There are 2 protein chains.
Amino acid sequence: MEDGFLTPLYAIIQATTDSMSELRQDPTTREWVIIAPERANRPHQAPRKKRDEELPEWDASCPFCPGNEAQTPTEVFRIPISSEASAWEVRVVPNQFAALTPEGDITRREDGRFVRKMGGFGEHEVIIETPSHNTPMALLTYEQVKKVLIAYQQRYNALKENRQLKFITIFKNYGWASGTSLPHSHSQLVATPIITPYYHRRFNVAVDYYADMSRCLCCELLTDELGKGRRIIAETKEFVALHPYASRVPYETWIIPKKHYSSFGLFPATHLAELATVLKDILFCLHRGLNNPAFNLMVDTAITEDEENPYYHWRIRIMPRLTTIAGFEMGSGIYINTALPEETAKFMRQLASSCTEDE
Amino acid sequence: MEDGFLTPLYAIIQATTDSMSELRQDPTTREWVIIAPERANRPHQAPRKKRDEELPEWDASCPFCPGNEAQTPTEVFRIPISSEASAWEVRVVPNQFAALTPEGDITRREDGRFVRKMGGFGEHEVIIETPSHNTPMALLTYEQVKKVLIAYQQRYNALKENRQLKFITIFKNYGWASGTSLPHSHSQLVATPIITPYYHRRFNVAVDYYADMSRCLCCELLTDELGKGRRIIAETKEFVALHPYASRVPYETWIIPKKHYSSFGLFPATHLAELATVLKDILFCLHRGLNNPAFNLMVDTAITEDEENPYYHWRIRIMPRLTTIAGFEMGSGIYINTALPEETAKFMRQLASSCTEDE
């Protein structure tokens, strides 16, 4: 195991730990944490200092490369290449170093007088976006990005059949600064039995607005932003992409469906091709204009038990990792953003009109 | 300006921006963000890849080194060395690249129908912890750490005299992974006119517990943790240090006063020497046992308008940066911690009994 990150002594502690993961609630915030000692053993294919090195098209040691399928747990979904029986374009497998597993005990227990815990019950899957070891999502074809989004939605909808999985987070870590441990382009999906204060906060704000105005806050906000135009970076028939008014980091980007849908799971699959073009164009411009930045991508969506409501409006959120979350953010909850979203949006519009792929 | 972090094109955008900072509220979360384009121009004394290089005792280009006092804004506080008129042990200056300034307009304005903003009003100070360029806080003497804590409290209490400053965050970023931009050991203090949802959440949980039990949640939790003992790493007459039950990162550490005080500002200064020994011992063990890790340190304290209440209990929180906050944390609010706090606490107790300074 190559690892440029954890210290030797720290690694020793990890090696002695073989307990299952568990979910614990902080009594002072009611937030939940996943304690998953097993994940400390996961492979890191390259330490962060190697981020700028050229990757090969295929890597014999990469569990996500074609031919190495036996290195992953049993596949749960694939988009095959029709002409070749054993070949695939997208593949979904359980995460070998899962933060949560279906074996976890879902019973919530008081652990003494003050704290609450439960077993690490849940699902944790990896979506391998392409057979190519060295093609980032930004450089995939529109057609391939569409297939990735189809996999996102198919797996989301498959997992929600288990009614104990309340909240499903689809996300992608790209580049070492984003927290990824393997360079082969992939996304992840974690389904949890808990609904977090983090979600409640967004939901409650939307409910309060609806109670006052009888309209969806996000629908109204979209209309307002389209009227102003300054923070819009793309608009298509079904989607708007913008840099939000209170962007927390430079180039924070939201892709929002124009029509009201609470859940990504219930969003018409017929629009995923259009979403793929919007997403790919944005990632490509970031890649070209900001010199291949690290980023996190999240699908913010309603809980599985309440997928059709008039309040919550699903969206994709992209957070480039050009700066580091530091003590002030951790101590106050306030982000310091060093760029005006009106200016970064303008720059993205310029990029969109000028940068095209060479091929 | 040396900068290993921002890309060239990104830097160009920054250079064209000369607007003052402002505070903006996200309508979908009611959280506030500081938009501070000026801060993009701040110096980075070394890119992150140089983190392991040896630092000199004194650096002619460092604005925090003795002799370079003219490179900082006008000093607001110092602890002098009594024997030498011009020498100092701790120095506090306004941050030259302040996120917030006293010139900001405090009027809250609706910026269209949905969003709210105000000028970037506030204070942002730097606490230079030692004249030595290459001594981290972990290696300062007990006496010097006490002086740093005195500076924390003195500046906190000086700033709260301005009743428009509601919330004061004292924090420290150590090591490149923590988000720091200068290696000379320093802390920071940011005073804001806003109280964030982040604080409200913690406060409300404490109020709810008090409403039910007529006791402080944190006082009760401390008694319970001391009874169990497994997560305690140090106990003195006035303080308990522990790894919390739902630690969000490996080696997250809380230092909590045993007696109930809501505000760090009103905590008896006579106990700061004891706090310095607890803090220094912990930082030294982390430094020695985990190979000098990056960390963030925050003082969590009540708002300035409500410093004496039976609910909130101030504490110091240390968050080592051994892992990276990634997309799952950003999309769900749930942290994945790869270490059990019971095991890390045990390791810290072992370290505390074995590691001593060589000098």
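## Helix α2 of chain B

Helix α2 of chain B covers residues 142–159, 18 residues in all, and reaches 26 Å from its first C-alpha to its last, close to the 26 Å expected at 1.5 Å a residue. Helices (H or I, at least four residues) and strands (E, at least two) are DSSP runs numbered from the N terminus, and the expected span of a helix is 1.5 Å times one less than its number of residues. This is a predicted model, in which local features need pLDDT of at least 70, side-chain atom pairs count only at pLDDT 80 or more, and totals for chains, interfaces and linings use all residues. Residues are numbered from 1 along each chain as its sequence is written, while chains are lettered from A and ligands numbered from 1 in the order in which they are written.

The buried residues of α2(B) include B:V145, B:V148, B:L149, B:A151, B:Y152 and B:Y156. Also among them are B:Q144, B:K146, B:K147, B:Q153 and B:R155. A residue is buried if 20 or more other C-beta atoms lie within 10 Å of its own, exposed if 12 or fewer, and partly exposed in between, with C-beta atoms placed from the backbone.

## Domains of chain A

Chain A is assigned two domains: domain 1 (19–37 + 53–196) and domain 2 (198–354). These bounds come from an automatic or database domain assignment. Taken over C-alpha atoms, the centres of domain 1 and domain 2 of chain A are separated by 22 Å. Their contact takes 30 residues from domain 1 of chain A and 28 residues from domain 2 of chain A; two residues are in contact if their C-beta atoms, placed from the backbone, lie within 7 Å.

On the side of domain 1 of chain A that touches domain 2 of chain A, α2 (142–159) and β8 (167–174) of chain A each supply at least two residues. The largest share of that side, nine residues, comes from α2(A). By class, the side of domain 1 of chain A that touches domain 2 of chain A has 19 nonpolar, seven polar and four charged residues. Ala, Val, Leu, Ile, Met, Phe, Trp, Tyr, Cys and Pro count as nonpolar, Asp, Glu, Lys and Arg as charged, and the others, Gly among them, as polar.

## The two chains

Chain B is superposed on chain A by a rotation of 180 degrees with 0.0 Å of shift along its axis, at an RMSD of 0.0 Å. That is the relation of a two-fold axis. The same surface serves both copies, as 99% of the contact residues of chain B recur in chain A. The superposition is by least squares on the C-alpha atoms of residues with pLDDT of at least 70 in both copies.

The contact between the chains takes 86 residues from chain B and 85 residues from chain A. Helix α4 (residues 217–228) of chain B gives the most to the side of chain B that touches chain A, with six residues. That side of chain B divides into 43 nonpolar, 27 polar and 16 charged residues.

Five strands form an open sheet of mixed pairing, in the order β5(A)-β6(A)-β1(A)-β2(A)-β15(B). β5 (109–110) of chain A and β15 (335–337) of chain B stand at the edges, each with a single partner strand, so one side of each is left without a neighbour in the sheet. Two strands pair if DSSP finds at least two bridges between them.

Strands β1 (residues 22–25) and β6 (residues 116–119) of chain A pair in the antiparallel sense over four bridges, and A:R24 has A:K117 as its bridge partner in β6(A). Strand β15 (residues 335–337) of chain A runs parallel to strand β2 (residues 32–35) of chain B, joined to it by three bridges. There, the bridge partner of A:Y335 in β2(B) is B:V33.

Helix α5 of chain B (residues 272–289) has 18 residues and reaches 25 Å from first C-alpha to last, close to the 26 Å expected. Its buried residues include B:L275, B:V278, B:L279, B:I282, B:L283 and B:F284. B:N291, with a positive phi near 60 degrees, follows α5(B).

B:W254 lies in strand β12 (residues 253–257) of chain B and is buried, with 22 other C-beta atoms within 10 Å. B:W254 and B:L279 are 25 residues apart in sequence and 10.0 Å apart in space, C-alpha to C-alpha. Not counting residues up to four places away in sequence, B:W254 touches B:A241, B:L242, B:P244, B:R315, B:I316 and B:R317.

## Positive phi in chain A

A:S214, a residue other than glycine, has a positive phi near 60 degrees. A:S214 sits in the loop between α3 (197–213) and α4 (217–228) of chain A and is exposed, with 8 other C-beta atoms within 10 Å.

Phi of A:Y251 is also positive, near 70 degrees. A:Y251 is found in the loop between β11 (239–242) and β12 (253–257) of chain A and counts as buried, with 27 C-beta neighbours inside 10 Å.
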